[in-house]
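Open the structure in a viewer and keep the selection panel at hand. The tour below goes stop by stop, with something to select at each one.

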Amino acid sequence: MRNGFVAPARLSRPLQRQADQAQAMTMAHALRQASDEDDADDPPPHAGRRLRSVFISDVHLGTPGCQAKALLAFLKAHPSDRLYLIGDIIDGWQLRRKWYWPQSHNDVIQKILRRARKGCKVIFVPGNHDEFARHFLGHQFGGVDVVEDAIYTTADGRKFWIIHGDHFDGVIQYAKWLAYLGDNLYELTLRMNTHLNSWRARLGLPYWSLSQYLKHRVKSALNYVLQFEGAVAAEARKRGLDGVICGHIHRAEMRDIDGTLYCNDGDWVESLTGIVEHMDGRLEIVHWGRAGSSVSTPSRATRASPMAQTVSE
């Protein structure tokens, strides 16, 4: 371990069998409830203007903080040939403590399965919150392939490592009790944030994230993010790849780190972000605003490589 981060093992440490069965039942429950209704609102991936690939992670279905309706609007607006689900799609940690599964969360599962049925290749790389799915690596559920990680080749020939990223988190690997504590504190911050933004809305002020503010202002949190980004990029470089696309830390980013392109697709709790690849191999970070409108602006990565960042207000 170096600076709190560890190189990834070939396979995550096994969970207790009872916990595995409980979380597997959670996934099976969601899949069984997914229906064929409303297929018409999800066009085939080859219909009209489309993307080559879409990458999302950290959706946290099963928690009150999940912005499922915003994600549904994003998916509807971004049809693609491939959809990569890069971990923490279902929050097994929270569901283990308390069941929370509104219709909008089931709608997300339905949307994903409809895409798979209509020819979109859907790849699921489990994260630490849905680690129960790591016991089904190599299997397919409803057309969704479950894999430990993946190598992705863009249209312009660059190779990217697709990984959630929790294997590089020393807290997850060696002090999971602390990770559970941090998860509870994060949920508390989100609840406080809901009340705060309700008050701000009455004053006509825009949405503001308390948890993101704390992450960006607390020095130790910033160091954690920078160390994580450097460690993941270094492993991708060691594997002879051009870059990495990951999640886990809920911070969307696209930048060059010592010649390796580090891409993080953010989350669908607060930042509402994903990464998309256009047919020419150009990558973008999409910030999907709560209002759903969008404008495009260049990112720092654009000047170093054929990248751009899309920002939605």
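In which loop does histidine 60 lie? Select it and follow the chain both ways: histidine 60 belongs to the loop between β1 (51-56) and α2. Before going further, note that this is a predicted model.

**Stop 1: histidine 60**

Histidine 60 has a relative accessible area of 5% and is therefore buried. Show its surroundings next. Leaving out residues up to four places away in sequence, histidine 60 touches Cys66, Asp88, Ile89, Asp91, His129, His250 and Val269.

**The whole chain**

Zoom out for a moment. The protein has 9 helices and 14 strands. It has 313 residues, and 53% of them count as buried. Take the contacts between residues at least 6 apart in sequence: 70% of these join residues at least 24 apart.

**Stop 2: arginine 52**

Go back to strand β1 and select arginine 52, which lies in that strand. Is arginine 52 buried or exposed? Its relative accessible area is 17%, so arginine 52 is buried, the cut-off for buried being under 20%.

Now color what arginine 52 touches, again without residues up to four places away in sequence. The list holds Ser80, Asp81, Arg82, Tyr152, Thr153, Thr154, Ala155, Glu277, His278 and Met279. Arginine 282 is 230 residues from arginine 52 along the chain, and the C-alpha atoms of the two are separated by 9.7 Å.

**Stop 3: helices α2 and α4**

Select residues 68-77 for helix α2 and residues 103-117 for helix α4. How do their axes cross? The axes come within 9 Å and cross at roughly 20°. An angle under 35 degrees counts as roughly parallel, so α2 and α4 are roughly parallel to each other. The crossing of α2 past α4 is left-handed.

Show side chains where the helices meet. From α2 come Ala68, Lys69, Leu71, Leu72, Leu75 and Lys76. From α4 come Ser104, His105, Asp107, Val108, Lys111 and Arg115. Sorted by class, the contact of α2 with α4 has 5 nonpolar, 2 polar and 5 charged residues.

Stay on α2 and pick out its buried residues: Ala68, Ala70, Leu71, Leu72, Phe74 and Leu75. What covers them? The cover includes helix α4 and the strands β1, β2 (80-85), β11 (273-277) and β12 (283-287).

**Stop 4: an open sheet**

Next, display the open sheet of 5 strands, whose order is β6-β7-β8-β10-β9. The pairing in this sheet is mixed. Which strands lie at the edges? They are β6 (150-153) and β9 (253-257), each of which pairs on one side only. From one strand to the next, the twist averages 25°.

Walk across the sheet pair by pair:

- Strands β7 (residues 159-162) and β8 (residues 243-246) run parallel and are joined by 3 bridges. Isoleucine 162 stands opposite isoleucine 245 in β8.
- Strands β8 and β10 also run parallel, joined by 4 bridges. Valine 244 has tyrosine 262 in β10 as its bridge partner.
- Strands β9 and β10 run antiparallel, with 5 bridges between them. Glutamate 253 has asparagine 264 in β10 as its bridge partner.

Look at the turn of the hairpin of β9 and β10, where 2 residues sit between the strands. Aspartate 258 takes a positive phi near 55° in this hairpin.

**Stop 5: valine 125**

Finish in the loop between β3 (121-124) and β4 (140-141), where valine 125 is found. Valine 125 counts as buried because its relative accessibility is 1%. Setting aside residues up to four places away in sequence, valine 125 touches Leu85, Ile86, Gly87, Val147, Glu148, Asp149, Ile162, Ile163 and His164. For one of these, isoleucine 163, draw the C-alpha to C-alpha line: the distance is 6.7 Å, and 38 residues separate valine 125 from isoleucine 163 in sequence.

Terms used: Residues numbered from 1 in each chain as written. Predicted model: local features only at pLDDT ≥ 70, side-chain atom pairs only at ≥ 80, totals over all residues. Heavy atoms only, no water. Pairing = 2+ DSSP bridges. Axes fitted to C-alpha atoms, helices over the stretch in contact; angles between N-to-C directions. Parallel < 35°, antiparallel > 145°, perpendicular 65-115°, else oblique. Left-handed = near helix turned anticlockwise from the far one by under 90°. Contact = heavy atoms within 4.5 Å. Nonpolar A, V, L, I, M, F, W, Y, C, P; charged D, E, K, R; others polar. Buried < 20%, exposed > 50% of the residue type's maximum accessible area, 1.4 Å probe, protein only.
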